[in-house]
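Please look over the structure shown here before reading on.

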Amino acid sequence: MAVTDPVQNLQTLIRCPSVTPKEGGALSALTAMLEPLGFSVERVTATEPGTPDIENLYARLGSSGPHLMFAGHTDVVPVGDEASWTHPPFSADIANGEMFGRGAVDMKGGIACFVAAVARHIEAHGAPKGSISFLITGDEEGPAINGTVKLLEWAAAKGERWDACLVGEPTNPDQLGDMIKIGRRGSISGFVTVHGVQGHVAYPHLADNPIRAVTAMTKALMSPPLDAGTAEFPPTNLEVTSIDTGNSATNVIPAKASFAFNVRFNDTWTADSIQAELIRRLNQAANDQELRAGRPAIRYDITWSERPSHVFLTRDDALISSLSKAVEAKTGRRPVLSTTGGTSDARFIKDYCPVVEFGLVGQTMHMVDERVAVADLEKLTEIYAHFIEQWFENAKA
Ligand SMILES: [Zn+2]
């Protein structure tokens, strides 16, 4: 099979039903593409009590530096209502210039194109003057415990070092060439329980309604704004995601109420400093005498999501400009350098080397009828091939 063709590569990958945590044949198919190109491929199964075992893959071509890593995932989200798909979700059918299938853009398409780009690079220039590796997980769309984190630890422990990484997640909102991601906001969730005193609504002086406290505390979290944004990041934003009492009686003041929130924070903060600020705001509201009218301070507990996602910003000019120039050369469009959107595995990779993200157009990811324009596959392959050339040029200089 000619792995220089991203369309064939992607059809092969989509036809492997690798819904997290199943490998589905996807890593074996990728192995079959990489080994003939000269990569030494290792399959790494990660385990953790209470989570499914996950198969991952690490492949390297070359033994010297500079060393460029391509990172991604072959697992996909569930198909949803299969009957609603115009073409079956693992068919990789092509119709009207689009290939249909779960993972087409998120992100088997990115992998298919990078494989094709490497194959073309080797065909045109021979083996790269340095090393290229693939770090591919089967656990990006799941709990992400047995995926990229463990694979990086495993590779680093055996001496692997990287100079730069490209993550092939779909980064373009509308058209190929829109956007490169050069950082991500941090994310942390909090869960608050407020303790009041249950009672009859007609005798509120005998009770202590925790919902009054919830109102004040959620307001304190959201205003005043946490910051106004930075040069590279939008303003930090906190959303209350749930408020709950479990109370169905309209004549009862409930004994407790709870709420949850998530904050997406920029580089004004660290995970620690944003937590400290939010606690300060909650305490201020809890002690607000005007609200409490002589009662003691609100009693509340807070727990946090186990692992916060840390904010990061990549400042490797050579890496960013190699990619940016490749995108511009092949699309005629200058990509926006962005830090918007959700978290990705780049948040783990940034602890090992500078990382940027560029892939397909993300519009249909996780949806019924996920699909990719066939023309975009060829275009992204050309961008990746140009980037590889540029990056090795710049890295050796
Ligand atoms: Zn993805």
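The model is a predicted one, and in it an open sheet of 3 strands runs in the order β4-β5-β19, with antiparallel pairing. Because β4 (94–95) and β19 (371–373) each have a single partner strand, they stand at the edges, and one side of each is left without a neighbour in the sheet.

The pairing of β4 with β5, the strand of residues 98–100, is antiparallel and extends over 2 bridges; alanine 95 has glutamate 98 of β5 as its bridge partner. Across β4, β5 and β19 lies helix α1, made of residues 6–14, which runs at about 20° to β5.

## The largest pocket

The largest pocket holds about 370 Å³ of space, and its lining consists of 18 residues, with Val149, Arg307, Pro308, Arg347 and Phe348 nearest the centre. Two or more residues of this lining are given by each of α4 (148–157) and α9 (346–349), and the largest share, 3 residues, belongs to α4.

Sorted by class, the lining of the largest pocket is made up of 7 nonpolar, 4 polar and 7 charged residues.

## The second largest pocket

For the second largest pocket the volume is about 250 Å³, and among the 15 residues that line this pocket, Asp106, Glu169, Pro170, Arg184 and Met365 are the closest to its centre. By class, the lining of the second largest pocket comprises 3 nonpolar, 6 polar and 6 charged residues.

Note on methods: Residues are numbered from 1 along each chain as its sequence is written. This is a predicted model: local features need pLDDT of at least 70, side-chain atom pairs count only at pLDDT 80 or more; totals for chains, interfaces and linings use all residues. Side-chain values use heavy atoms; hydrogens and water are left out. Two strands pair if DSSP finds at least two bridges between them. Helices (H or I, at least four residues) and strands (E, at least two) are DSSP runs, numbered from the N terminus. Contact means heavy atoms within 4.5 Å. Axes are lines fitted to C-alpha atoms, for helices over the stretch in contact, and angles run from 0 to 180 degrees between N-to-C directions. On a 1 Å grid over the protein atoms alone, a cavity is a set of points where a 1.4 Å probe fits but cannot get out, and a pocket is an open set with protein on both sides within 12 Å along at least five of seven lines; lining residues have an atom within 4 Å of a point. Grid points are joined across faces, edges and corners, and a volume is the space filled by probe spheres set on the points. Ala, Val, Leu, Ile, Met, Phe, Trp, Tyr, Cys and Pro count as nonpolar, Asp, Glu, Lys and Arg as charged, and the others, Gly among them, as polar.
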